[in-house]
Every structure is written in C-alpha cells, then in structure tokens.
Amino acid sequence: MAGTIHIDLFSTLDGVMQAPGARDEDPEGGFAYGGWQAPIDDDAVGEDVMAGIGRMDALLLGRRTYDIFAAYWPMYEGPGSEIARKFNAIPKYVASRGTPDLSWQGSQLLGRDIPAAVAELRERHDEVHVVGSVDFARTLVAEGLFDVLNLWVYPVVLGPGKRLFPENGPARGLRLLEPPAAGPQGALLLRYGPGAAEVATGQFD
C-alpha cells in the first residue's frame with residue numbers, strides 16, 4: 001500500500017500563512033507580522049501537531065523552511081525536544097531549484113520531476129509531512145499531489161502575506177475528510193483531501 005503525503009499549514013482567517021512561528025522567520029515582501037501564531041496558544045493545535053509528528057517517517061520541505069529547520073533543530077535541547085529527536089532521525093527531502101546545504105543528517109534533494117519524486121516517496125515511506133513551505137505546498141495542492149491537507153485556521157486577519165491559494169491560482173476542488181474541529185482559543189482544524197480537478201458551476205432556482 002502506497003504511503004501518504006500530508007501538508008501541515010497554519011493560516012489566518014484571510015488566508016495568510018507567512019511566518020507564523022517567529023518574527024524573523026520570513027520577512028519577504030516587508031511582512032511585518034512574523035510570529036502571529038505564537039500568542040494564540042491552543043492545546044488542541046499542539047495535540048494534533050504532536051500526533052502528526054509521532055506518525056511521520058519523513059519530512060518534505062521547501063528550501064526556505066528547510067534552512068530554518070536545519071539551523072534550529074539539530075542543536076535544540078529545550079522543552080519539546082522529542083520533536084528535535086524525531087526531525088533529526090527521519091529522512092529530510094528538500095524541494096529546491098538551487099544547491100542547498102544538505103549537511104543536516106539524513107537530508108537529500110528532491111528530484112526535479114515533482115510528480116515522479118512524490119510517487120517515489122509514496123513507495124518509500126508510510127507518512128510524509130510537508131511542514132510550512134507555502135510556495136512548495138501551493139504546487140502540490142495545485143497538481144493534486146497530496147493526500148491530506150491539515151489546515152489550522154486562526155482568528156486573526158493580517159491582509160498582505162503569502163497564501164496557499166493566490167488570486168491568480170488555478171481552480172481546484174477539495175474534499176472534506178472529517179468534521180472540522182475547534183480549539184478553545186478559536187483555532188479551527190480543516191482536514192481536506194484532493195477533490196475534483198475542475199470546479200463545477202451552477203445556480204439556485
């Protein structure tokens with residue numbers, strides 16, 4: 001049985017997914033709200049994220065997210081160090097058109113043919129997680145190269161910022177995999193799978 005590709009993303013109510021975890025995480029485009037997720041501490045989010053980390057047997061990351069992780073997790077020994085142990089132990093695949101530094105143990109460059117590379121990962125692993133990596137995740141969703149989109153939506157509105165679904169992006173349907181779940185601080189988990197490649201239209205009579 002082929003493995004599954006999971007995309008884990010944190011989003012504001014208006015769809016911004018840029019730099020949720022730290023002020024200097026991704027200032028591209030003059031983004032002024034780095035770390036917007038951190039003040040909304042939600043146990044339900046943490047429990048779901050940790051469950052996913054426990055199941056994953058590989059990471060698939062875009063270049064920017066990989067560089068952030070590689071500079072942080074190999075040296076981390078504080079609270080939540082089980083995350084560091086897991087990330088350091090499992091294979092890491094990096095989607096990049098360049099030549100990133102792959103010195104983090106277990107790292108390798110993803111093949112340029114993304115559909116073929118994803119198919120190979122499905123054969124090699126049980127559950128691969130794409131964490132953050134909005135630009136790369138956009139490609140996977142647009143081409144239907146995923147099985148589960150774990151989307152935590154927070155009660156925050158920011159305006160400008162990177163989005164998974166840009167205004168000029170392709171139309172595509174998604175399929176709800178389970179009922180939405182809400183955390184005590186207002187974060188909402190939406191878990192989707194790929195839907196129709198073409199969006200049907202109609203009208204109410």
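Entry 1, helix 3. I looked up what covers the buried residues of helix 3 in this predicted model. The cover includes helix 1 (43-55), strand 2, helix 2 (63-70) and strand 3. Helix 3 itself runs over residues 81-89. I noted its buried residues as Ser-81, Ile-83, Ala-84, Lys-86 and Phe-87.

Entry 2, strand 3. I turned to the side chains here. Lys-92 and Val-94 point one way, Tyr-93 and Ala-95 the other way. All are buried. Next I checked the partners. Strand 2 pairs with strand 3 in the parallel sense, over four bridges. Gly-62 stands opposite Ala-95 there. Strand 4 (residues 107-109) also pairs with strand 3 in the parallel sense, over three bridges. In that pairing I found Val-94 opposite Leu-109.

I placed Leu-60 in strand 2, residues 58-62. Its relative accessible area is 0%, so Leu-60 is buried. I then listed its contacts beyond four places in sequence. Among them are Tyr-93, Leu-110, Leu-121, Val-128 and Phe-136. I also checked Leu-140: it lies 80 residues from Leu-60 in sequence and 11 Å away in space, C-alpha to C-alpha.

Leu-121, a contact of Leu-60, is one of the buried residues of helix 4 (residues 114-124). I looked down the helix axis. The buried residues fall within an arc of 145 degrees, so they line one face of helix 4. I noted what covers them: strand 1 (4-12), strand 2, strand 3 (92-95), strand 5 (127-131) and helix 5 (134-142) are included.

Note on methods. Residues are numbered from 1 along each chain as its sequence is written. This is a predicted model: local features need pLDDT of at least 70, side-chain atom pairs count only at pLDDT 80 or more; totals for chains, interfaces and linings use all residues. Side-chain values use heavy atoms; hydrogens and water are left out. Buried means under 20% relative accessible area, exposed over 50%, partly exposed in between (1.4 Å probe, protein chains only). Contact means heavy atoms within 4.5 Å. The arc is that of the directions from the helix axis to the C-beta atoms. Two strands pair if DSSP finds at least two bridges between them.
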